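This report describes selected features of one protein model. Please read it alongside the sequence and the coordinates.

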Amino acid sequence: MRVRKAVALGAALSLAALLSACSSDSGNGSGSSSGTLNWWTWDDKQAAAYQVCAKDFEKANPGVTVKITQYNVTDYFTKLTAGFVAGKAPDAFQNSVQFFPQYADQHQLLPLDDYIKKDGFDLSRFSVGVDSWKYTDGKQYGLPLDWAATGLYYNVDMLKKAGYTTKDVENLNWNPDNGGTIGKMIAHLTLDANGRRGDQPGFDKAHIKTYGFGQLAAKDFLGQSTWSSFVSTTGWRLGNKANWPTELNYDDPRLVKTMDWIRTLVAKGYAPRIGTFTNTVSDVDLLSSGKIAMETGGSWSASTFAKIPNIKVGIGPTVLGPDGKTRAVFSNSNGNTIWAGTKNPDLAWKWVSYMGSEACQSKASATGTFFPSIPASMDASAKALEAQGVDLSVFTDMLKNKQLYPSPDFNNGAELQDAIEPMIEAYFGGQKDDSVFAEMQAKTKTILNKK
């Protein structure tokens, strides 16, 4: 994602005018404006949210049917690849920056530049994500669909019983040497089976009732919703370049010290060991079960946390860094792309460009299950959720205060993930020591520079 200065949109067009603004006669395909348009996503919440836009699109385009299909993320990209090979991929689909370069290299994505130019489609309407979908050939292959950030979610009652306030959470700081104020809070929030706190005499780390913090010891090779919000405050960044890095900075002393600190939390009983909970147990499940008092989690879960029965969940910003003032949050933006093999490229563009309009994003994001990339739509989403008792200001403030930094585009993302995650898992599982980070960095250099 790229953080851009928010640009206010001009006077809103009528829905019918907006939907018909993209002419089907672009000279880049059949020009048909009827039939079924297939769009895929891995996100069940966005699949449901964009049905609203699909109905409006069909109404404004008689004879057109938009078929939205959602697959589990573990199967999604395998099915896409199979579709490419068989010539049966969807006309358009939600895409991840992790797989985008590979698809562009394979010529499976339709460049959008001609459509953008012909229709005068203003990319500055998006506050985030535009540059993430521009490839090394200089062409634009996608439009931003959403953006995401990380926050601190906590059990309000547990926090109060431990003697803390919401204000305390808002001003938490961190350092890799002693953990800062959040390190002290994590210890105090931890309870053993006898009700002793982690910082009290007699605490039994072998029998934990409630962990002070959630699953920081995780194999996530990007650390997006786990360790990145801590180490990023030190100035560390994932790649050796902001975009298209040639290696990832796993052997940086700042990251190594951060990971070592996480292992001390585990060793002291303040946070769960890797594998304590299965992959099917979500962050929401853990907080609602009372097994953890606080955790980092994605912005996409904010409305779900708010709906946990009988538990009030607070949302706080990620930690300030060792200097007590720097907050840095890794963010990414998923995109909307068109398959190069679609038999209906003009209709696919018409649908994708409508999904990238304020009219559509404001309606779809009213559910609060994702953050739209258009500022006016984000404001509408935040207001809709505020009426339901969900305060998203923690995340919107990150955007306004430019505390977000983008995930870099990089090559061979799937291979990178397959290679690095077992190494991180082995580190947190105790099978590897700090030397693994040099191995990881060397591995990324090999994979990222493969042609």
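## Disulfide

The model is predicted. One disulfide is counted in it. The bond links Cys53 with Cys360, with an S to S distance of 2.2 Å. About the S-S bond of Cys53 and Cys360 the torsion is about 110°, so the disulfide is right-handed.

Cys53 belongs to helix H3 (residues 51-60) and Cys360 to helix H15 (residues 358-364), so the bond ties together parts that lie 307 residues apart in sequence. Cys53 and Cys360 are both buried.

Strands can pair in either of two senses, parallel or antiparallel, through backbone hydrogen bonds. An open sheet of five strands runs in the order E2-E1-E3-E12-E4, and its pairing is mixed. At its edges stand strand E2 (64-70) and strand E4 (143-144), each of which pairs on one side only.

Within this sheet, strand E3 (residues 92-95) pairs with strand E12 (residues 335-338) in the antiparallel sense, over four bridges. Gln94 has Asn336 of E12 opposite. Helix H4 (residues 73-86) packs on the sheet and touches strand E1 (35-41) and E3. The direction of H4 makes about 145° with that of E3.

## Three-stranded sheet

A further open sheet has three strands in the order E9-E6-E10, with antiparallel pairing. Strand E9 (294-298) and strand E10 (313-316) are the edge strands with a single partner strand each, so one side of each has no neighbour in the sheet. From one strand to the next, the twist averages 35°.

Strand E6 (residues 150-155) pairs with E9 in the antiparallel sense over five bridges. Gly151 has Gly297 as its bridge partner in E9. Helix H17 (residues 393-400) packs on this sheet, where H17 touches E6 and E10. The direction of H17 makes about 155° with that of E6.

## Helix pair H18 and H19

A packed pair of helices is described by the distance between the axes and the angle between them. For helix H18 (residues 413-428) and helix H19 (residues 436-448), the axes come within 10 Å and cross at roughly 175°. H18 and H19 are therefore roughly antiparallel to each other.

On the H18 side the contact is made by Glu415, Leu416, Ala419, Ile420, Met423, Ile424 and Tyr427. H19 contributes Val436, Phe437, Glu439, Met440, Lys443, Thr444, Ile447 and Leu448. By class, the contact of H18 with H19 comprises 11 nonpolar, one polar and three charged residues.

## Two buried residues

Ser377 sits in helix H16 (residues 375-386). Its relative accessibility is 0%, so Ser377 counts as buried. Leaving out residues up to four places away in sequence, Ser377 touches Glu358, Gln361, Ser362, Ser365 and Pro372.

Pro176 lies in the loop between helix H8 (166-170) and helix H9 (180-189). With a relative accessibility of 19%, Pro176 also counts as buried, because the cut-off is under 20%. Leaving out residues up to four places away in sequence, Pro176 touches Lys257, Thr258, Trp261 and Pro322. From Pro176 to Val231 the C-alpha to C-alpha distance is 8.2 Å, and these residues are 55 apart in sequence.

Terms used
Residues are numbered from 1 along each chain as its sequence is written. This is a predicted model: local features need pLDDT of at least 70, side-chain atom pairs count only at pLDDT 80 or more; totals for chains, interfaces and linings use all residues. Side-chain values use heavy atoms; hydrogens and water are left out. A disulfide is a pair of cysteine sulfur atoms within 2.5 Å. Buried means under 20% relative accessible area, exposed over 50%, partly exposed in between (1.4 Å probe, protein chains only). Axes are lines fitted to C-alpha atoms, for helices over the stretch in contact, and angles run from 0 to 180 degrees between N-to-C directions. Angles under 35 degrees count as roughly parallel, over 145 as roughly antiparallel, 65 to 115 as roughly perpendicular and the rest as oblique. Contact means heavy atoms within 4.5 Å. Ala, Val, Leu, Ile, Met, Phe, Trp, Tyr, Cys and Pro count as nonpolar, Asp, Glu, Lys and Arg as charged, and the others, Gly among them, as polar. Two strands pair if DSSP finds at least two bridges between them.
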